[in-house]
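Here is a friendly walk through a two-chain model. Have a look at it first, and then we'll go through the parts one by one.

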Amino acid sequence: MIRSKELDQQKLDSFETQALGYADQLYRVALRLCRNREKAEDLVQETFLQAWRSFHRFELGTNLRAWLYKIMFNVHYSNQRRDRLQLIPTEETIAETLAYDPPTPQHLTEEEILAALEKLPRDFQIPILLADVEELSYREIADVLEIPIGTVMSRLHRGRKILRTDLVKYAREAGYKLSS
Amino acid sequence: MDCRNYKELLDSYLCQELAVETNHQMLNHAEYCPKCRAEMASRRNMRDALRRACFKECLSQTALDRMRAQLHAEAFSLESSQKTNAPNWLEKLFSPRILVPVFSVIVVLAIGISVYLKTSSSQSKASPLSELLLTEAASDHQKCATHFALSTEVAFMPDSAEKYDEVYRGLDLVAKSGASGLTLRSAHVCKPDNRQFAHLVYTRGKNLISLLVTKRDGKSLQTGELTPLGTELAELEESTNGALSIGARQTSKHIVLVISDLPQPENEKLAKTLALPVVEHISRIDRLTAHALNLKHQNIIASMRRREMK
């Protein structure tokens, strides 16, 4: 018993060392998925519990971060089904209306940029967060969200355009200078 | 590469998603185009500002502590070990739909067998213990007890020990009345070879003493067959294994062994006092039906704990 307890402790230590370092990264994405701090904390907690239960299936040396994200999205989607909530539909049409490539405004504050990100439809917001903030590769994002890599690229492209368009509007109203 | 292409590819460039060739073309273009250079700087600034803003959002320390606590609880609970190790078919097999009827059949069979055993042979004698059991017990004393000989922190028997055998729970408390003059070093469940023991490790001066409890089965008896034991308690059986002295007593379902490096007469004397409360306690439990067992056992342990607190 003592031996097995020691082994459990070693396994848990190894899990905590490797996985808990990603807690903040997961939390940032969970915040956008749940749009509520408490729910996001619960989602991250449930993700780590699920990950711990499946840790024996995780292959060492493979991408732990992407694996954790994937578990989190699965937990989130299954919670949504359980709560009978509707997924926010993809607002592809918003991006389609963007006929021009907006310039990138300068001198905006971090809060203003974050506020613009929060206004984005979730299908654009999550890939941008994963790519530009958490620095996942396009391939990793495609794996985590279970969508083709082409869709990831198009959502990033359109999402960034919408983000810049919003920021341009905001910058003009605030009287900031635009780069072009 | 023209300015339009450059802007199209700029975000992928910043994400390091472009091929080496395209990266060179981007850099070449930026070198000669101030507008595109400015656009790259703006987008990079925007990206950095977004990262800085997002990085302020961290999981609170309270949430992190709660999560660690939950993970710890999950890791050391029985449910967790079943969930982590059991494959899907095993989980299905242990679903209530299958488990309830199977359990009912087992309970009925167990009651039938216990009634049969009681009526068929109430006065039969205890069979001598097998060499295998004595060797395993002596080996456990040598391998396991020596680890705890100098232990300064006493490890008490955890309540979770009952998952191995219901009689294991609170065994250190039960044995306390017979262990005067002995210092408890550890109480745990161990399985050094093929046999599981509840193991109480004591010291008296420089002497190391083990009290072991294990299941009474065919392999533990010399005859190789599990002969029923009478309702009266079996006498103390004395033997040696190398330099170790062993005293053993049997109940209908368990064997209690006291092992030490004391001379045999001294060990015999010690075994009588040390094993007595344990043997009485276990045979009381052995006689209880499965239905009454849980409640009764909980009451016994709770009353001992209360006495201990006083």
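## The sheet in chain B

Chain B has an open sheet of six strands in the order β1-β2-β3-β6-β5-β4, with antiparallel pairing. (Strands pair if DSSP finds at least two bridges between them; strands are DSSP runs of E with at least two residues, helices are runs of H or I with at least four, and both are numbered from the N terminus.) At the edges sit β1 (183-190) and β4 (237-241) of chain B, each of which pairs on one side only. On average, neighbouring strands of this sheet are turned by 20° against each other, direction ignored.

A quick note on what you're looking at: this is a predicted model, where local features need pLDDT of at least 70 and side-chain atom pairs count only at pLDDT 80 or more, while totals for chains, interfaces and linings use all residues. Residues are numbered from 1 along each chain as its sequence is written, and chains are lettered from A and ligands numbered from 1 in the order in which they are written.

Two helices go with the sheet. Helix α10 (residues 264-287) of chain B packs on it and touches β3, β4, β5 and β6 of chain B; its direction makes about 155° with that of β6(B). Helix α8 (residues 131-148) of chain B lies across β1, β2 (197-204), β3, β4, β5 and β6 of chain B, and runs at about 130° to β3(B). Touching here is about contact: two residues are in contact if their C-beta atoms, placed from the backbone, lie within 7 Å.

## A closer look at β6(B)

How many residues of strand β6 (residues 254-260) of chain B are buried? Seven of its seven, so to be clear about the word: a residue is buried if 20 or more other C-beta atoms lie within 10 Å of its own, exposed if 12 or fewer, and partly exposed in between, with C-beta atoms placed from the backbone. B:His254, B:Val256, B:Val258 and B:Ser260 point one way from β6(B), while B:Ile255, B:Leu257 and B:Ile259 point the other way.

β6(B) has pairing partners on β3(B) and β5(B). Strand β3 (residues 207-215) of chain B runs antiparallel to β6(B) and is joined to it by seven bridges; there, B:Ser210 has B:Ile259 as its bridge partner. Strand β5 (residues 244-250) of chain B pairs with β6(B) over six bridges, again in the antiparallel sense, and B:Ile246 stands opposite B:Ile259. β5(B) and β6(B) form a hairpin with three residues between them.

## One buried aspartate

B:Asp172 belongs to helix α9 (residues 171-175) of chain B. Is B:Asp172 buried or exposed? B:Asp172 is buried, because 25 other C-beta atoms lie within 10 Å. Leaving out residues up to four places away in sequence, B:Asp172 touches B:Phe156, B:Met157, B:Leu184, B:Ala187 and B:Leu200. B:Asp172 and B:Leu211 are 39 residues apart in sequence, and 9.7 Å apart in space, C-alpha to C-alpha.

## Where the chains meet

36 residues of chain A are in contact with 36 residues of chain B. On the chain A side, α1 (2-19), α2 (23-34), α3 (37-53), α6 (110-119), α7 (122-133) and α9 (149-174) each supply at least two residues. The largest share, seven residues, comes from α3(A). By class, that side has 19 nonpolar, seven polar and ten charged residues. (Ala, Val, Leu, Ile, Met, Phe, Trp, Tyr, Cys and Pro count as nonpolar, Asp, Glu, Lys and Arg as charged, and the others, Gly among them, as polar.)

Axes are lines fitted to C-alpha atoms, for helices over the stretch in contact, and angles run from 0 to 180 degrees between N-to-C directions.

| Helix pair | Axes come within | Crossing angle |
|---|---|---|
| α3(A) and α4(B) (residues 61-75) | 10 Å | roughly 30° |
| α2(A) and α3(A) | 8 Å | roughly 130° |

α3(A) and α4(B) are therefore roughly parallel to each other, whereas α2(A) is oblique to α3(A). (Angles under 35 degrees count as roughly parallel, over 145 as roughly antiparallel, 65 to 115 as roughly perpendicular and the rest as oblique.) The contact of α3(A) with α4(B) includes A:Phe48 and A:Trp52 on one helix and B:Met67 and B:Leu71 on the other.
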